[in-house]
Amino acid sequence: MEYLIIILIGVPFLSALLLSVGKSNVFRQIVTYTSSAVLIGLAVTFAAKFFMNGSQPLMYFAKTQTVDYAMMGVEIFLMALITVLSFKYKQYYAAALSIVQTVAVLWYELGGYAPHQEVHKVYVDQLTVIMVLIVAIVGTLITVYACGYMKDYHHHHTEFKDRRCYFFALMYVFLGAMFGLVFSNSLIWMYFFWEITSVISFLLIGYTRTPEAIHNSFKALWMNLLGGCGFAVAIIASGVKFNVTDIQSLILCDGNIVIIPAIMLSFAALTKSAQMPFSKWLLGAMVAPTPSSALLHSATMVKAGVYLLLRLSPILAGTFAGTMVSLIGGITFLILSMLAITVSDGKKVLAYSTISNLGLITACAGVGALETVWAGIFLLIFHAVSKSLLFQTVGAIENSTGSRNIETMHGLVRRHPYLAWTLVIGIAGMFLAPFGMLISKWAALKAFIDNGSIILLLCVCFGSATTLFYWMKWMATVLASKTNDVKAKNTTSANQWFSILIHSVAMTVLCFIFPMLSRDVIIPYIHHVYHNAYQVITDDNIIIMMIMLILIFVIPLASWFSARRASYKKAPRYINGVNAGDQMNYIDSMGEKKRFFLSNWYMEDLFGVEKLWKPAVILSTLLIVAIMVIAVGGAL
């Protein structure tokens, strides 16, 4: 297992090195396909070995002095890189944040303040395995998709310099850092990989080097560096005050005693997962090409934040830190789901939806109850697959039609039927039964009721209602069509289809193996962490889920088959006036012939960005500051 861990972390970095020097598109595809196949194979082998060995938590690598010094060297390099780029673009605050946190951690490590104890740097349990599979499968498939997408992207966007070597190298460094992060038990190791993801996301967002891209990339950088400062404070407080240097030792402590490390790590996780008031950085990431958006939103980066919160959930329950996390998560879920209604840009809808759903996972982790942790882990799994599928499909639609505006997707089911149906699968995965997102929300809702979390209960109820609204609007637009819509030529490349179709199949398969995942993976994890667990999904629930899953396929097929066999006369529909006879035009009250068209309802006048954003930022900022002041003040 030790060698598998080393290879899983090392292969992406080796691939990044190869991709950075190989300029041939054929060479790039060979390296990407090979690396993806190797990483997926290694991840599956790693998972199989873990479960065949009894699924018991494992620890590795206690003596790592040489590696620790190498990490310090890389941290200094990253600080220097950020400082140089910050001065180049006159963003001095980013340099200041980077210098402060790096110097603080080095002072702690080299100044004799770190406890001299042997700690296993790597920890493996069920949650680790889940994250490894998500990063390996979802993450590497995004890089396969990127091979075709980036070629089309630079064909359509000749104004941007073609730097695909740089782009693909960054993506694989990102994957390597994510593997390192999810394996890390040492707080120092986790911080190291945490900072790599922050820097690489900054570079990916600024890929096009337009003024907007540079502005948005620095916004992402300083917000994540602010979280990094919180992480640095947590490391120092844990070591100096409590003699704790690793996650597993920390979660065995009383959450009310280790309140400073808990609240600072939670703060770092809130910034990384783009929760209010730090959501702007992830929305700004939309300026980057679609593969980087998919990578940031689905398998990596933002998942690092909620992963850390789920790890910390045992010490968050019933504490100030947990209250801060759960309330911020609830507010983010509600506000961002409302804002998603008001935009027609497909990628923006996905961005708002990502932050909203991360808010629900955050709220689950903050409550820290058995049911909420169960729900949070399943939300993480389904969200990773579904959102990656949606981003890739929207990117393919944009390359095929020249637009990612939802209004232009009317009739997509006839013009690009395969893309339309993969988009529908992704949308269904986000809010329809028996897909796990809806079932997980139900479990979270029940847990909030059981724990008396009235505010969270209201946030989830209203947030879920608005979620239903914007997904149904989009799905209805895609499936609606006109008689003059004709099938267009398929311009989506084979490697894009490869990734999209695998994601579609995975989304469906997850519905069937949902009960098995609960019984054999999630429940044992919860039992080990909380020393108590019960089956959230009962046999009756499983039967209902299976019936619903079958009906999802049976009803549309039966409707299609009966429509094909039946002979019926189309009735002229009422379209705001006298039907002109072609179902596409009508005669208005002035006797003029008008074209009929459909348009969604965006309700910007009710709760657009101008109305909601500033109050939400102020409320969430005051909430974080107030709770941190009370908690830290009480601890001191």
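This is a predicted model: local features need pLDDT of at least 70, side-chain atom pairs count only at pLDDT 80 or more; totals for chains, interfaces and linings use all residues.
How much space lies in the largest cavity?

1. **The largest cavity.** About 80 Å³ of space lies in the largest cavity. The structure holds four cavities of 30 Å³ or more. Lining the largest cavity are E75, L78, M79, I82, S98, Q101, T102, Y191, E195 and V199. Two or more of its lining residues come from each of α3, α4 and α7. Among these helices, α3 gives the most, with four residues. By class, the lining divides into five nonpolar, three polar and two charged residues.

2. **The second largest pocket.** Please look next at the second largest pocket, which holds about 650 Å³ of space. It is lined by 25 residues, and those closest to its centre are D68, A114, P115, Q117 and K121. At least two lining residues come from each of α3 (65–88), α4 (92–110) and α7 (187–205). The largest share is that of α3, with four residues. The lining has 13 nonpolar, seven polar and five charged residues. You will meet α3, α4 and α7 in both places: each gives two or more residues to the lining of the largest cavity, and each supplies at least two to the lining of this pocket.

3. **The loop between α3 and α4.** While you are in this part of the chain, K90 deserves a glance. Its place is in the loop between α3 and α4. K90 is not a glycine, yet its phi is positive, at about 60 degrees.

4. **The second largest cavity.** Here the volume is about 50 Å³. Ten residues line this cavity, and the closest to its centre are V343, I406, Y470, K473 and Y602. Helices α14 (320–341) and α20 (454–479) are the elements that give two or more residues to the lining. Of the elements involved, α20 gives the most, with three residues. The lining is made up of eight nonpolar residues, one polar residue and one charged residue.

5. **α10 against α24.** How do these two helices run relative to each other, roughly parallel or roughly antiparallel? Helix α10 (residues 259–272) and helix α24 (residues 609–635) have axes that come within 9 Å and cross at roughly 160 degrees. An angle over 145 degrees counts as roughly antiparallel, and α10 and α24 are therefore roughly antiparallel to each other. The crossing of α10 past α24 is left-handed. On the α10 side, the contact is made by I259, I260, I263, M264, F267 and L270, and on the α24 side by I624, I627, M628, A631, V632 and A635. By class, this contact has twelve nonpolar residues, with no polar and no charged ones.

6. The peptide bond that joins M276 and P277 is cis, with omega about 5 degrees.

7. **α13 against α21.** Helix α13 (residues 302–316) packs with helix α21 (residues 494–530) at an angle of about 40 degrees, and their axes are 11 Å apart. That angle makes α13 oblique to α21. In passing α21, α13 makes a right-handed crossing. The residues that make the contact are L310, R311, S313 and P314 of α13, together with Y525, V529 and Y530 of α21. They comprise five nonpolar residues, one polar residue and one charged residue.

8. **Y530.** Which residues is Y530 in contact with, leaving aside its neighbours within four places in sequence? They are S313, P314, G368, A369, L370 and V373. Y530 is found in helix α21, and it belongs to the contact that this helix makes with α13, as do S313 and P314. L370 and Y530 are 160 residues apart along the chain, while their C-alpha atoms are separated by 7.7 Å.

Conventions:
Residues are numbered from 1 along each chain as its sequence is written. Side-chain values use heavy atoms; hydrogens and water are left out. On a 1 Å grid over the protein atoms alone, a cavity is a set of points where a 1.4 Å probe fits but cannot get out, and a pocket is an open set with protein on both sides within 12 Å along at least five of seven lines; lining residues have an atom within 4 Å of a point. Grid points are joined across faces, edges and corners, and a volume is the space filled by probe spheres set on the points. Ala, Val, Leu, Ile, Met, Phe, Trp, Tyr, Cys and Pro count as nonpolar, Asp, Glu, Lys and Arg as charged, and the others, Gly among them, as polar. Axes are lines fitted to C-alpha atoms, for helices over the stretch in contact, and angles run from 0 to 180 degrees between N-to-C directions. Angles under 35 degrees count as roughly parallel, over 145 as roughly antiparallel, 65 to 115 as roughly perpendicular and the rest as oblique. A crossing is left-handed if the near helix is turned anticlockwise from the far one by less than a right angle, and right-handed if clockwise. Contact means heavy atoms within 4.5 Å.
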